[in-house]
Amino acid sequence: MVRIDSILNVGKTVVKNVSSVTQNSNISNTILHSAQNVSQGISRTNKTYLDRINRISVKGVKQEEQPILDMLKNSMYDLLGKTKGKAELPKEIRFEYCRNGGIRKQGVANVTRDNVLHVNRDYFENIDNNIQENLKTFMNLGLITKDKNGKYKIADFLRNTKSEIFEKRLNEYNIGWPIDYKFKFHRTSMNYYANLTNQARKHPMIMLENIMKTGENANILKSCGMYKPRAEVAKMTTQEQYKYLQDIFQKYPDVGKRVVIPENTALITTPNYVFHHELGHINHNKLISDDIYRKFSSQQKLLEWQNNEKIQEVCSRISGYSGKDPFEFVAEVYSGLVNGQTFHPDVLSLYKALKGPVV
Ligand SMILES: [Zn+2]
């Protein structure tokens, strides 16, 4: 565990030279592949986990995709540790262009009913575009601005310790970064900010409620007359609630700086998040019958899910992506549970109703 963690830590310092990162990745790969040669730091349980991971057949991986495979393996190892070996792993891993009737798929990876994990080469080949597209969306919505020195700034009303990491990384982001850095940036920092913005825009009431019940926030707002009781906020339109949320941080900037937006108001994304999400699909697959799988996949269920205001409100406690369909909701919540995040009872009861895997 320690060994693998310390290798992952290599990724925390920016290395401009791609070949040195590939070398680092190879070190982690060597450890994962030859546990028998490592006499220290790997217990019998750990070796069982590594053996299970290394038995999975991997198809199509190119040399430049190796760091991604290493991240996937580390995510599986982490998951086995956190579930004491109970979690199911993919039957096979395929690196390929994921197409749906000839149309490119957007996601990083996907899992089919046969528990094959498909890693999408399109996503990785277009990773800079994917990052730029998301940045453009944030900027068009006014959720990221550029200051006079050309530095990106996140919105004041979405500022907390986690979104500040995104702001910092966004200003460091560089097209020369190795693929695993870009991937981590996009799906950890940027993804978290997307989860926050989704909640603030679509269901500001959720964020306001979470702010009001955190620490000294309510008292701080009372002290400057910005406090509104829940019943009053509930009567406002979504637009008015969104405006109120922004006002809290903008009308009295000094007061706003003291108001804390709890990190866990939305799904917290970790470097393992994407693959834990995919492994969530695999573990969910195991618990549902073909009948339920077909029912959840139907157009009717999809529309029911996307048009149900209560369900969408629950999803906004997680992410925009969880609002897409029941499978994505389960996979998103699963990744959070594996990460030790606690969720609102509404999230947990919906997860349970959908037969979300117990972690
Ligand atoms: Zn998914």
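Modeller: Asparagine 198 sits in helix α8, which spans residues 179-202. This is a predicted model.

Biologist: Why is asparagine 198 counted as buried?

Modeller: The relative accessibility of asparagine 198 is 10%. Buried means under 20%, so asparagine 198 qualifies.

Biologist: What is asparagine 198 in contact with, leaving aside its neighbours within four places in sequence?

Modeller: The partners of asparagine 198 are His203, Ser316, Ser319 and Gly320.

Biologist: Staying with α8, what makes α6 roughly parallel to it?

Modeller: The axes of helix α6 (residues 127-140) and α8 cross at roughly 25 degrees and come within 10 Å. Angles under 35 degrees count as roughly parallel, and therefore α6 gets that label against α8. The α6 and α8 crossing is left-handed. Residues of α6 that meet α8 include Ile127, Ile131 and Phe138; on the α8 side, Phe183, His186 and Tyr193 are among those involved.

Biologist: And why is α7 called oblique to α8?

Modeller: Helix α7 (residues 161-172) and α8 have axes that come within 9 Å and cross at roughly 135 degrees. Hence α7 is oblique to α8. The crossing of α7 past α8 is left-handed. Phe166 and Leu170 are among the α7 residues here, and Tyr193 and Leu196 are among those from α8.

Biologist: Which residues touch the most other members of the largest nonpolar core?

Modeller: Phe157, Leu158, Phe166, Phe183, Tyr193, Ile248 and Phe329 do, in a core of 91 residues. Two of those names have come up already: Phe166 in α7 and Phe183 in α8.

Biologist: What does phenylalanine 183 contact beyond its neighbours within four places in sequence?

Modeller: Phenylalanine 183 contacts Ile68, Met71, Val108, Tyr123, Phe124, Ile127, Thr188, Val274 and Phe275. In soluble globular proteins, nonpolar side chains tend to be buried together.

Biologist: Turning to the metal, which atoms coordinate the zinc ion?

Modeller: His277 and His281 each give NE2, and Glu328 gives OE, at 2.0 to 2.1 Å. Donors are N, O and S atoms within 2.8 Å of the metal, so these distances pass. In sequence the spacing of the donor residues is H-x3-H-x46-E. Histidine 281 belongs to helix α14 (residues 273-285) and glutamate 328 to helix α18 (residues 326-338), so this pair, 47 residues apart, links distant parts of the chain.

Biologist: Why do histidine 281 and glutamate 328 count as buried?

Modeller: Histidine 281 has a relative accessible area of 11%, and glutamate 328 has 9%. Both values are under 20%, so both residues are buried.

Biologist: What makes α17 roughly perpendicular to α19?

Modeller: Helix α17 (residues 309-316) and helix α19 (residues 345-353) have axes that cross at roughly 115 degrees and come within 9 Å. The range for roughly perpendicular runs from 65 to 115 degrees, so α17 is placed there relative to α19. The crossing is left-handed. Where they meet, α17 supplies Lys310, Ile311 and Val314, and α19 supplies Asp346, Val347 and Leu350.

Biologist: What is the phi of lysine 84?

Modeller: Lysine 84 has a positive phi of about 50 degrees, and it is not a glycine. Most residues other than glycine have a negative phi. Lysine 84 lies in the loop between α4 (66-82) and β2 (92-96).

Biologist: Why is lysine 84 called exposed?

Modeller: Its relative accessibility is 73%.

Biologist: Is asparagine 115 buried or exposed?

Modeller: Buried, because the relative accessible area of asparagine 115 is 14%, under 20%. Asparagine 115 also has a positive phi, near 65 degrees, and lies in the loop between β5 (109-111) and β6 (116-120).

Biologist: How many helices and strands does the protein have?

Modeller: There are 19 helices and eight strands. Of the 359 residues, 51% are buried. Among contacts between residues at least 6 apart in sequence, 68% join residues at least 24 apart.

Methods. Residues numbered from 1 in each chain as written. Predicted model: local features only at pLDDT ≥ 70, side-chain atom pairs only at ≥ 80, totals over all residues. Heavy atoms only, no water. Core = buried A, V, L, I, M, F, W, Y, C linked by side-chain atoms within 4.5 Å. Buried < 20%, exposed > 50% of the residue type's maximum accessible area, 1.4 Å probe, protein only. Contact = heavy atoms within 4.5 Å. Donors = N, O, S within 2.8 Å, 3.2 Å for Na, K, Ca; no water. Helix = DSSP H or I, 4+ residues; strand = E, 2+ residues; numbered from the N terminus. Axes fitted to C-alpha atoms, helices over the stretch in contact; angles between N-to-C directions. Parallel < 35°, antiparallel > 145°, perpendicular 65-115°, else oblique. Left-handed = near helix turned anticlockwise from the far one by under 90°.
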